[in-house]
Amino acid sequence: MESRDTDSDGATGTSTVPSASDTFVNILAGLVEHRDVDEILRQQAVMLGRFEKTNEKLERFNSLEAGRFNLAMEHFRSHTRVLLDMKKDLDSVFRRIRVLRGKLSRQYPDLFAAYEQEEEADKERSREEDEDEAYQ
């Protein structure tokens with residue numbers, strides 16, 4: 001927006017009237033010290049450097065831990081397979097024991113009944129001892 005102004009010597013010339021936003025920016029710029037802005041920029045640059053270094057360290061850590069995780073998962077899978085095999089073996093052993101107990105109870109019913117009574121008495125004594133130890 002142009003307007004005609006007269007100079008102090010009376011000459012007529014054209015001058016530019018600043019807009020409201022330009023005025024606001026000029027006032028705001030006058031409130032802020034350039035030294036403070038430079039310090040803020042310097043601090044931001046320092047923090048950016050720190051964040052980049054931290055990011056690099058975290059990336060290295062993640063890559064190392066990914067390898068360790070894969071190794072641990074392999075160990076876990078291997079141990080899981082071993083445990084499952086052991087469970088199958090134990091199930092087989094207990095099944096054989098049940099079969100043998102059934103055969104023995106049919107072949108020697110009197111001896112087997114006496115054995116079961118003695119075994120039940122041992123379990124009861126064991127429970128009583130466990131309870132006594134728990135209260136002490």
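A residue is called buried when its relative accessible area is under 20%, exposed when over 50%, and partly exposed in between (1.4 Å probe, protein chains only). By that scale Arg127, with a relative accessible area of 40%, is partly exposed.

This is a predicted model, in which local features need pLDDT of at least 70 and side-chain atom pairs count only at pLDDT 80 or more, while totals for chains, interfaces and linings use all residues. Residues are numbered from 1 along each chain as its sequence is written, and side-chain values use heavy atoms, with hydrogens and water left out.

**View 1. Welcome to the whole protein, with its 3 helices and 2 strands.** Helices (H or I, at least four residues) and strands (E, at least two) are DSSP runs, numbered from the N terminus. Of the 136 residues in the protein, 2% are buried. The accessible surface comes to about 12,800 Å², and carbon and sulfur atoms hold 57% of it; such areas come from the Shrake-Rupley method with a 1.4 Å probe, and for residues only the protein chains shown count as cover.

**View 2. Here is a nonpolar patch on the surface, formed by Phe24, Val25, Ile27, Leu28, Leu31, Val32, Val37 and Leu41.** Together these residues have about 750 Å² of accessible area. Helix H1 (20–31) and helix H2 (34–107) are the elements that give two or more residues to the patch. The largest share, 5 residues, comes from H1. Look for Leu31, which sits in helix H1 and is exposed at a relative accessible area of 65%. Patches are made of residues with over 30% relative accessible area and no salt bridge, joining like charges within 9 Å and nonpolar side chains (Val, Leu, Ile, Met, Phe, Trp, Tyr) within 5 Å.

View 3. A salt bridge is a side-chain nitrogen of Lys or Arg within 4 Å of a carboxyl oxygen of Asp or Glu. A search of the whole structure finds 9 of them. Arg77 is partly exposed at 40%, and Glu74 is partly exposed at 44%. Asp91 is partly exposed, with a relative accessible area of 35%.

**View 4. Phe112 and Tyr115 form a tilted aromatic pair.** A search of the whole structure finds 1 such pair. The rings lie 6.1 Å centre to centre, with 45° between the planes. Rings of Phe, Tyr and Trp (its six-membered ring) pair if their centres lie within 6.5 Å; planes under 30 degrees apart count as stacked, over 60 as edge-to-face and the rest as tilted. Both residues belong to helix H3, 3 residues apart. Phe112 is buried at 12%, whereas Tyr115 is partly exposed at 43%.

**View 5. Glu120, Glu124 and Arg127 are linked in a network of salt bridges.** Within it, the side chains of Arg127 and Glu120 meet at 3.9 Å, N to O. Glu120 is partly exposed, at 43% relative accessibility.
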